[in-house]
Amino acid sequence: MYENENIQFDCQRGCAVSRDESGALNVTYRRGCCKLEDYNYLKGVGQEAFADLFEVRFKNTRKGIYRNTSGQSVKMGDMVIVEAQSGHDLGIVTLEGAVIGRQLKCKGIDPATEEFKKIYRKAKPFDIEKWQEAISREQETMIRSRQIAAELGLDMKIGDVEFQGDGTKAIFYYIADGRVDFRQLIKVFAEEFRIRIEMKQIGARQEAGLIGGLGVCGRELCCANYITNFKSITTAAARCQDLSLNPQKLAGQCGKLKCCLNYEVATYMDAQSRLPRVVEPLEFEDGQAWLVKTDILREVMYFSYEKGSLSNIYPLDASEVREIIKMNRNGIRPESLKTEPEPSMPEFVTAVGDDSITRFDSVRKKKKKKKKSGGRNNPQQ
């Protein structure tokens, strides 16, 4: 439990919001609370070329590099007022120093020619109060905007709303399969909310990343945790890993193929490159052996004398299969698949045997019950 139970954690922006006994608003930066947290591995390394450049983060994944023209000393964790397309915005400084140069290089930005937006000044208590008032309107604005879109009969879904720091503009993130005519919708939004409107289309994966949730693995969704660039995923990734092509198991919460299908593709492709290609059955003196399944990572191939049968299968190492294929091409048939030695498997050592729940309990000795003396069976009577 925290000492102040009134603390609210805004993980979409990476800050903690609370009020003290006098009612003053306190907003502090919390590292690791927001998606795409950057670690400054060059902390303490001085580089004058990037001394006035800072990374400023806003809601969700929106962030950018800004130039400090205020003359004030700005450091990581400060709330700052920055230049926006119209008006001004409020963000949190998340990176400073030499690591900014690495960030610019990754994004392909030349600091000598790029025109960076400006940091006007540090945020004052009045700015933070106004910022929090705008944030408090986001949920009800999103619900009302969905109702308006449904009344207009638009085939779209509004997934999130982000207000600008000064409360004069809002970004509506929506998902739609086709093209949507926003002319009437923007007019209604402007009359209803009295703000400037910006519509930003996102995909199903981006929507899942904004909303968040837990995957079938029990961990936070990868798209909500760290993924920034969504690479295309096809069923070829599942076939490469010899997975069952079951749409219910391969699809994530966004309804698309799971992003984690791409994680081990390179490992499986590397293992498959060392496996021989078996097109025809292997020839033995006692018959033909058909390939029925393959353990790709262990590089073990299983054969059976009955085509498509999994009842009696015999494992062979990939190197042995390659030798038998060469022998068959030269007209030589091994004696029998049954006489082949089983391939040596890597042993998996684990401490699971020591995880008994009762292993720390003291063993209680059972007390022997004493027979009661007396009665008809007593020989002394």
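1. Aromatic pairs, to start with: rings of Phe, Tyr and Trp (its six-membered ring) pair if their centres lie within 6.5 Å, with planes under 30 degrees apart counted as stacked, over 60 as edge-to-face and the rest as tilted. By that rule, Phe-172, Phe-189 and Phe-193 make up one aromatic cluster, and the structure holds six aromatic pairs.

2. Some housekeeping. This is a predicted model, where local features need pLDDT of at least 70 and side-chain atom pairs count only at pLDDT 80 or more, while totals for chains, interfaces and linings use all residues. Residues are numbered from 1 along each chain as its sequence is written, and side-chain values use heavy atoms, with hydrogens and water left out.

3. (Helices are DSSP runs of H or I of at least four residues, strands are runs of E of at least two, and both are numbered from the N terminus.) Phe-189 is buried at a relative accessible area of 0%, and Phe-193 is buried at 10%. Here buried means under 20% relative accessible area, exposed over 50%, and partly exposed in between, with a 1.4 Å probe and protein chains only.

4. Helix α10 (residues 318-329) passes the length check: 12 residues at 1.5 Å each should span 16 Å, and its end C-alpha atoms are 17 Å apart, which agrees. The expected span is 1.5 Å times one less than the number of residues. Its buried residues are Ala-318, Val-321, Ile-324, Ile-325 and Asn-328. Looking down the axis of α10, these fall within an arc of 115 degrees, so they line one face of the helix; the arc is taken from the directions from the helix axis to the C-beta atoms. They pack against β12 (282-284), β14 (300-304) and β15 (314-317), with contact meaning heavy atoms within 4.5 Å. Exposed Glu-323 and Lys-326 are on the face turned away from the buried side. Just after α10, Gly-331 has a positive phi of about 85 degrees.

5. Asp-127, Ile-128, Trp-131, Gln-132, Ala-134 and Ile-135 are buried. Seen down the axis of α2, they fall within an arc of 160 degrees, so they line one face. On the face turned away are the exposed residues Pro-125, Phe-126, Glu-133 and Ser-136.

6. Ser-304 counts as buried at 2% relative accessibility, and its side chain reaches the backbone nitrogen of Glu-306 at 3.2 Å.

7. Two backbone spots to look at. Most residues other than glycine have a negative phi. Arg-194, however, has a positive phi near 60 degrees; it lies in the loop between α4 and β11 (196-201) and counts as exposed at 70% relative accessibility. Glu-299 also has a positive phi, near 60 degrees, in the loop between β13 (287-295) and β14, and at 21% relative accessibility it counts as partly exposed.

Terms used. Polar contact = N/O pair within 3.5 Å; in protein donor to acceptor, adjacent residues only side chain to side chain.
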